[in-house]
Amino acid sequence: MRVSTEKRHISTEKRLSVTEQRQYSTEKFDFHGITTHLYGEGASFYGEGKGNLEDMQDAGSLHEFLITLHEEYGSLVSFWWGTQLVVSLASPEMFEEVKALFDRPKLLFEAFSDLIGHKSIQYANGAEGRKRRHLMDEGFSHTAVAYYYDDFVKVANELCDKWASQPSDQHIPLSQHMLALSMKAVALAALGSGMKDEKQLLQMSKAYHVCWKEEENVLKGNLPEEGDGRKENFVKNRDYLRGVVKDVIRGRRGQKDKEDRIFLDSIMDADFIDEEELVHQSITYLIGGFHTTGNTLAWCLYFLATHEEVQEKLYQEFVDVLGDETITAQILPQLK
């Protein structure tokens, strides 16, 4: 599979209309020997080098931009991420052909390098990237998860008890609670029992949100100015997060008999990973882990709440499989 691009240079200050953009979408796509025109958005030059980034912002997100693009042009489209041509696939058959690809352009995550660190797995490609990915996959395998499954159940039960104690008509900030739950669970899985300190977790959450808000501001073009304190505030909170991870690493190395096994253990003994990278990888998995988990849980509970028939079916399965027993890692495979 290869993409060939015929570039046309455009010199203009104004943003091009969609019709005008199509004139510049002249890429051809060779897929299994079948060459076809690759339809999509040409570069909209509203601000030098931005490509379709402005269009993504107008759409609300990259996801919503791609939905519209694929609906209009089909399963195979192209667009511009700054000055980089990007091809997007929305076809299971096409995904099957490229599923073995491993390397990813570093530019996808370069905006977050100040937060997650330049040695993050997000920037690791080739043999070195695969070597690290193999180690990290072991840290979150089904076997590894069993080590901290009881902690997952405990933090979930604590939240359920909190909800049960509230009046039935009280509003529940679902996304906020799910992200907090996920941060606690992922922190325990990645960094161990030291993450059970509620005050420390709260401080970590506050520090993270300061950093993430600043990253979003920069992505939107709202850059810090000299003397406004934003950059210094970002660095202070980022360094706090990194300091917590460093303390855990040193404490973990000093433990002779470990009662549990955590994600950090899977990469800590590798002779090709130094302490700086340990910190960067841990921060990457903390942020990536609780973001995806928290948002997924929020949507799952939302749809269960709005589809009572599915909720009842799920409840009945719990009754049939668990009875009066508590869910465990060993029982989990029996649930559909």
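Reply: We begin with exposure: a residue is buried under 20% relative accessible area, exposed over 50%, and partly exposed in between (1.4 Å probe, protein chains only). This is a predicted model, in which local features need pLDDT of at least 70, side-chain atom pairs count only at pLDDT 80 or more, and totals for chains, interfaces and linings use all residues. Residues are numbered from 1 along each chain as its sequence is written, and side-chain values use heavy atoms, with hydrogens and water left out.

Me: Is D239 buried or partly exposed?

Reply: D239 has a relative accessible area of 37% and is therefore partly exposed. Its side chain meets that of R238 in a salt bridge (3.0 Å, N to O), a term that requires a side-chain nitrogen of Lys or Arg within 4 Å of a carboxyl oxygen of Asp or Glu. R238, at 15% relative accessibility, counts as buried.

Me: How many salt bridges does the structure hold?

Reply: The structure holds 14 salt bridges. One of them joins K119 and D274 (2.7 Å, N to O). This pair links distant parts of the chain, 155 residues apart, with K119 in the loop between α5 and α6 and D274 in the loop between α12 and α13. Helices here are DSSP runs (H or I, at least four residues), numbered from the N terminus. Both partners are partly exposed: K119 has a relative accessible area of 25%, and D274 has 35%.

Me: Which parts does the salt bridge between E198 and K184 tie together?

Reply: The side chains of E198 and K184 meet at 2.4 Å, N to O. E198 lies in helix α10 and K184 in helix α9, so the pair ties together parts that are 14 residues apart in sequence. E198 is partly exposed at 47%, whereas K184 counts as buried at 13%.

Me: Which residues touch the most other members of the largest nonpolar core?

Reply: A nonpolar core is a set of buried Ala, Val, Leu, Ile, Met, Phe, Trp, Tyr and Cys residues joined through side-chain atoms within 4.5 Å. The largest one has 46 residues, of which L191, M195, L264 and L286 touch the most other members. Helices that each supply at least two residues include α6 (126–139), α9 (174–191) and α13 (275–306). The largest share, 9 residues, comes from α9.

Me: Where is D228 placed?

Reply: D228 is in the loop between α10 (198–219) and α11 (230–253). With a relative accessible area of 37%, D228 is partly exposed.
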